[in-house]
Amino acid sequence: MKIGNREFDLKNQTYIMGILNVTPDSFSDGGRFNEMDKALFHVEEMIRDGAAIIDVGGESTRPGHAVVPDEEEIERVTPVIEGIKSRFDIPVSLDTYKGNVAKAGIAAGADMINDIWGLKHDNLLAGIIAESKMPCCLMHNRKEPDYNDYLKDVLTDLSETVRLAEEAGIDDGKIILDPGVGFGKTYENNLEILRCLEELHAFGYPVLLGTSRKSVIGLTLNLPVEERLEGTLVTTVFGVIKGCSIIRVHDVKENVRAVRMARAILGKEG
């Protein structure tokens, strides 16, 4: 799959996506990188540590987050996207579920859209992605974790997302799926979807895993956000074993090393 100007072998490799939150209220690093110089310095650091993609987000999606108006989100993300693209040779993903924000981000130079609502929040988004002909990551999500048959319901929800993508004209080879750890799921649901990640391969699309510093790790280990690195690394290695193509993380250097070690043990390195 081509993302930006780079070819990604998502069938045979595992790539690290570095998180850049340009928000004042992100659950993990709120306010740290919402100034341009700090944001670009952090991007440079993530690239040096081995990130293959940078994911820029302008609205926190933590539980209970405040919804940001389109105009404000655009003002947050577009200068940063432009800054990254002008200074670094790395694909940029835009983390948004809003059509207007996606359109502005694409104009600013974004190479991919990362939608936490799997095309189910804004009817405009699917068409904008299709028109752009760029890749997208579509995540499983629900407003409430009200499942009858959990795994079956997750797969049904994702089938609906894929249908929306196809109807809008999004190319089949441009779709990545995300199980949505931490979104519309109980603690037990999050552990189960991690155990059963291989179920998502039935769709035939690459899988992106995002568990970095999330509550499932905090609840398991009884640790605050800033002490969840080891737990994150375990989920990253598990993602490699389960065939995930992209791992989305805050701590790039450590996760790159974990991926390399896991792939070496599996005989996939190189």
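Modeller: Let us begin with a term: a salt bridge is a side-chain nitrogen of Lys or Arg within 4 Å of a carboxyl oxygen of Asp or Glu. Please keep in mind throughout that this is a predicted model.

Colleague: What makes arginine 248 and aspartate 55 a salt bridge?

Modeller: The closest N and O atoms of arginine 248 and aspartate 55 are 2.7 Å apart. The cut-off is 4 Å, so the pair qualifies. Arginine 248 lies in strand 10 (residues 246–249) and aspartate 55 in strand 4, so the bridge ties together parts that are 193 residues apart in sequence. Both residues are buried. Asp55 and Arg248 are also linked with Asp95 in a network of salt bridges. The structure holds 13 salt bridges.

Colleague: Which parts of the chain does the pair of lysine 85 and aspartate 111 link?

Modeller: Lysine 85 is in helix 2 (residues 70–87), and aspartate 111 is in the loop between helix 3 (99–108) and strand 6, 26 residues apart. Their side chains meet in a salt bridge at 2.7 Å, N to O.

Colleague: Why is lysine 85 called partly exposed, and why is aspartate 111 called buried?

Modeller: Buried means under 20% relative accessible area and exposed means over 50%, with partly exposed in between. Lysine 85 has a relative accessible area of 32%, so the label is partly exposed. Aspartate 111 has 11%, and is therefore buried.

Colleague: Where do arginine 163 and glutamate 167 lie?

Modeller: Both lie in helix 5, 4 residues apart, which is about one turn of the helix. Glutamate 167 counts as exposed because its relative accessibility is 55%, whereas arginine 163, at 32%, is partly exposed.

Colleague: How do you know that the length of helix 5 agrees with what it should span?

Modeller: At 1.5 Å a residue, the 19 residues of helix 5 (residues 150–168) should span 27 Å; the end C-alpha atoms are 27 Å apart, so the two values agree. Just after helix 5, glycine 169 takes a positive phi of about 95°.

Colleague: Which residues of helix 5 are buried, and what covers them?

Modeller: The buried residues are Tyr150, Leu151, Asp153, Val154, Asp157, Leu158, Thr161, Val162 and Ala165. Their cover includes strand 7, strand 8 and helix 6 (187–195).

Colleague: What makes the sheet an open one, and how do its strands pair?

Modeller: The sheet has 8 strands in the order 8-7-6-5-4-3-10-9, with parallel pairing. Its edge strands are strand 8 (175–178) and strand 9 (208–209), each of which pairs on one side only. Within the sheet, strand 6 (residues 112–115) and strand 7 (residues 136–139) pair in the parallel sense over 3 bridges. In strand 7, cysteine 137 is the bridge partner of asparagine 114. Helix 1 (residues 36–49) lies across strand 3 (15–21) and strand 4 (53–57), at about 165° to strand 3.

Colleague: Is cysteine 136 buried or exposed, and what is it in contact with?

Modeller: Cysteine 136 counts as buried because its relative accessibility is 0%. Cysteine 136 is placed in strand 7. Leaving aside neighbours within four places in sequence, its contacts are Met112, Ile113, Ile129, Ile170, Lys174, Ile175 and Ile176. Cysteine 137 is likewise buried, at 0% relative accessibility.

Notes: Residues are numbered from 1 along each chain as its sequence is written. This is a predicted model: local features need pLDDT of at least 70, side-chain atom pairs count only at pLDDT 80 or more; totals for chains, interfaces and linings use all residues. Side-chain values use heavy atoms; hydrogens and water are left out. Two strands pair if DSSP finds at least two bridges between them. Helices (H or I, at least four residues) and strands (E, at least two) are DSSP runs, numbered from the N terminus. Contact means heavy atoms within 4.5 Å. Axes are lines fitted to C-alpha atoms, for helices over the stretch in contact, and angles run from 0 to 180 degrees between N-to-C directions. Buried means under 20% relative accessible area, exposed over 50%, partly exposed in between (1.4 Å probe, protein chains only). The expected span of a helix is 1.5 Å times one less than its number of residues.
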